[in-house]
Amino acid sequence: MAAMAALQSSMATLSLSSSSSFFGQRLSLPSLSLPQVKSPEKPCLIVMKKPIFDTCSSLLQLKRWERKECKENSLPVLHKMHVKVGDTIQVIAGDDKGKIGEITKIFRHNSTVVVKEINLKTKHVKSREEGEPGQIIKIEAPIHSSNVMLYSKEKNIASRVGHKVLDDGKKVRYLIKTGEIIDNAENWKKVKEESKKTEVAATTTS
């Protein structure tokens, strides 16, 4: 308010009669004291996080909304698991607790497994062609690997898994309670034969 009053008083003192001398002179305004704003000592830094790109969702068969931990090169982090494809396991937690089945798929990015005919979920499938009716099918949903335990068919008992090195230098898994070796040649041949059968079936249907 004091600055405005000083400005009005200075304008009133100017003589408007001498118009020729007025336009040639420089108008002198009173100096206005503005408050000085102190700059912060440390500048504010904006840090942007590195985006995580999903480059392998088609390989892992993930849902669109599912997030997974990735490395710096955008590849997913693969977890170590105590089970493999073809192992006989027993479910130790959940609705299907106590059931025994065989592992058909493993997903190492989130440490889950798919067991044959266990943890079945209902899925509604739309018709893809005209005249084809929709279907309601049962699919095997994944189970976390911590909810399954390796099972011995000979002793009918579930056990934790251990690792040891044989005389020929091969590292194998074995059941701690029974001492039964899991990674033998017969099991690997069986798994390979089943994988070949599924590949042949997929090619014939396509």
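Contact here means heavy atoms within 4.5 Å.

**Figure 1. Overview of the predicted model.** This is a predicted model, in which local features need pLDDT of at least 70, side-chain atom pairs count only at pLDDT 80 or more, and totals for chains, interfaces and linings use all residues. Residues are numbered from 1 along each chain as its sequence is written, and side-chain values use heavy atoms, with hydrogens and water left out. Of the contacts in the protein with a separation of 6 or more, 39% are between residues 24 or more positions apart. The protein has four helices and 10 strands; these are DSSP runs numbered from the N terminus, with helices being H or I of at least four residues and strands being E of at least two. Starting at the N terminus, the order of elements is α-α-α-β-β-β-β-β-β-β-β-β-β-α. Of the 206 residues, 21% are buried, where buried means under 20% relative accessible area, exposed means over 50%, and partly exposed lies in between (1.4 Å probe, protein chains only). The accessible surface is about 17,300 Å², and carbon and sulfur atoms hold 55% of this surface. Accessible areas come from the Shrake-Rupley method with a 1.4 Å probe, and for residues only the protein chains shown count as cover.

**Figure 2. The salt-bridge network of D87, R173 and D183.** A salt bridge is a side-chain nitrogen of Lys or Arg within 4 Å of a carboxyl oxygen of Asp or Glu. Side chains of opposite charge can pair when their charged atoms come close. By this rule the protein has three salt bridges. One of them joins the side chains of R173 and D87, with N to O at 3.0 Å. R173 lies in strand 10 and D87 in the loop between helix 3 (57-60) and strand 1 (88-91), so this pair ties together parts 86 residues apart in sequence. R173 also forms a salt bridge with D183, where the closest N and O atoms are 2.8 Å apart. That pair links distant parts of the chain, with R173 in strand 10 and D183 in the loop between strand 10 and helix 4, 10 residues apart. R173 is buried at 4% relative accessibility, and D87 is buried as well.

Figure 3. The side chains of D183 and R173 are joined by a polar contact of 2.8 Å. A polar contact is a pair of N or O atoms within 3.5 Å; within protein, one must be able to donate a hydrogen and the other to accept it, and residues adjacent in sequence count only if both atoms are side-chain atoms. D183 and D87 are 96 residues apart in sequence, yet their C-alpha atoms are 9.2 Å apart in space.

**Figure 4. The salt bridge between K99 and D96.** The closest N and O atoms of K99 and D96 are 3.2 Å apart. K99 is partly exposed, with a relative accessible area of 42%, whereas D96 is buried, with a relative accessible area of 15%.

**Figure 5. S111 in the loop between strand 2 (100-107) and strand 3 (112-115).** S111 counts as buried because its relative accessibility is 9%. Its side chain makes a polar contact of 2.6 Å with the side chain of S145. Apart from neighbours within four places in sequence, S111 is in contact with H79, M81, I143, H144 and S145.

**Figure 6. The largest nonpolar core, with 14 residues.** A nonpolar core is a set of buried Ala, Val, Leu, Ile, Met, Phe, Trp, Tyr and Cys residues joined through side-chain atoms within 4.5 Å. The residues with the most contacts inside this core are V83, I89, I103, V113, V115, V148 and L150. Strand 1, strand 3 and strand 7 (148-152) are the elements that give two or more residues to this core. Not counting residues up to four places away in sequence, V148 touches H82, V83, I89, Q90, I92, V113 and I143.

**Figure 7. S127 in the loop between strand 4 (120-125) and strand 5 (135-140).** S127 is partly exposed, at 39% relative accessibility. The side chain of S127 reaches the backbone oxygen of E132 at 3.4 Å. Leaving out residues up to four places away in sequence, S127 touches E132, P133 and G134.
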